[in-house]
Amino acid sequence: MTRLITRLAQVSALAAVALLPQAVNANTGVALQHFSANSGNLPSAQRGARNFMAYCSGCHSLKYLRYERMGADLKIPADVLKQNLMFTSDKLGDQIKIAMPAASGDWFGRVPPDLSLETRARGADWVYTYLLSFYLDDTRPTGVNNPVLPGASMPHVLWELQGWQKKAEHAAEGAKEGEHGGGHHEGSGFEQVTKGSLTPAEYQAFVGDLVNFLDYASEPGKQARISTGLKVMLYLFVLLGLTYLLKKEFWRDIH
Ligand code: HEC
């Protein structure tokens, strides 16, 4: 009996760990940088959509999202959509597929995964930190590695924007500082080797836009859900007031 109880306690402790917020990457123990995704930030999600199409859709699909739906939700006019965002298809009703033919859609043995549900599967913090954390590593075929997904076979496709960074000499101390809220470049154990076309702050904003867009893609109906929810709450609130008045009216003569 005691053993059973101990076992149960262990299992529930494990379950609790699995349910912990995404502050720490469960696989690697790397501290993730916090990013609260907001797909309701329309300009940001629009920029994210543009950047996703330009930098990511060559390899990653968003197979649960259609161009038409994205255009409608993010308020992107059809002509802008067709001219600037649709590289993989010319039909508005099509899903967002990759630009590469399926046969060559294989990078160093791994097929780039579909990212429709990425922020829901991994969490916004994970995706945000992942895109900030590519660092130079000669031992990898891509020339880069990533502490968030060690041995990742994705090249650092945004290097022109971010520049190259390497692991800091005192990476361990750096990581500790990072936990106390230090900025990415000082705090998270990286040293800038070459500059990119964006400043670190601009690059973080760029990645933030991408994550906001991916957050939108993972639940295109989210904003509608939130606004319907608010309307329902408001309606119930008004109804509560009316019901209260009605109750007072009914009981007026009795008291
Ligand atoms: C050249 C092809 C290529 C491009 C372009 C590319 N990726 Fe990737 N990406 C990959 C591959 C391959 C993987 C799988 C890595 C692995 O599991 O080793 C991957 C993995 C990922 C993952 C992690 C998936 C997971 O949960 O394991 C994310 C997030 C991601 N990519 C985001 C992006 C974003 C955002 C862009 C655009 C800025 C982008 N990728 C551009 C090839 C690419």
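Buried here means under 20% relative accessible area, exposed over 50%, and partly exposed in between, with a 1.4 Å probe and protein chains only. Helices (H or I, at least four residues) and strands (E, at least two) are DSSP runs, numbered from the N terminus. The structure is a predicted model, in which local features need pLDDT of at least 70, side-chain atom pairs count only at pLDDT 80 or more, and totals for chains, interfaces and linings use all residues. Residues are numbered from 1 along each chain as its sequence is written, and side-chain values use heavy atoms, with hydrogens and water left out.

Helix α6 (124-132) is mostly covered, with 9 of its 9 residues buried. Among them are W126 and Y130.

The largest pocket has a volume of about 530 Å³. A pocket is an open set of points on a 1 Å grid over the protein atoms alone, where a 1.4 Å probe fits, with protein on both sides within 12 Å along at least five of seven lines; lining residues have an atom within 4 Å of a point. Grid points are joined across faces, edges and corners, and the volume is the space filled by probe spheres set on the points. There are 26 lining residues, and H60, P113, L115, Y130 and M154 lie nearest the centre of the pocket. Helix α6 supplies the largest share of this lining, 4 residues. At least two lining residues each come from α2, α5, α6 and α10.

The lining divides by class as follows.

| Class | Members | Lining residues |
|---|---|---|
| Nonpolar | Ala, Val, Leu, Ile, Met, Phe, Trp, Tyr, Cys, Pro | 21 residues |
| Polar | the others, Gly among them | 2 residues |

A nonpolar core is a set of buried Ala, Val, Leu, Ile, Met, Phe, Trp, Tyr and Cys residues joined through side-chain atoms within 4.5 Å. The largest one has 41 residues, of which F52, L62, L65, M70, L74, Y130 and F213 touch the most other members. Two or more residues each come from α2, β1, α3, α4, α6 and α10, and α10 gives the largest share of this core, 9 residues. Contact means heavy atoms within 4.5 Å. Not counting residues up to four places away in sequence, M70 touches partners including L65, L81, I96 and F213.

Helix α10 also holds N212, which counts as buried because its relative accessible area is 5%. Leaving aside neighbours within four places in sequence, N212 is in contact with F35, A37, N38, S39 and S44.

Q33 is found in the loop between α1 and α2. Q33 counts as buried because its relative accessibility is 19%. Q33 and W126 are 93 residues apart in sequence and 7.6 Å apart in space, C-alpha to C-alpha.
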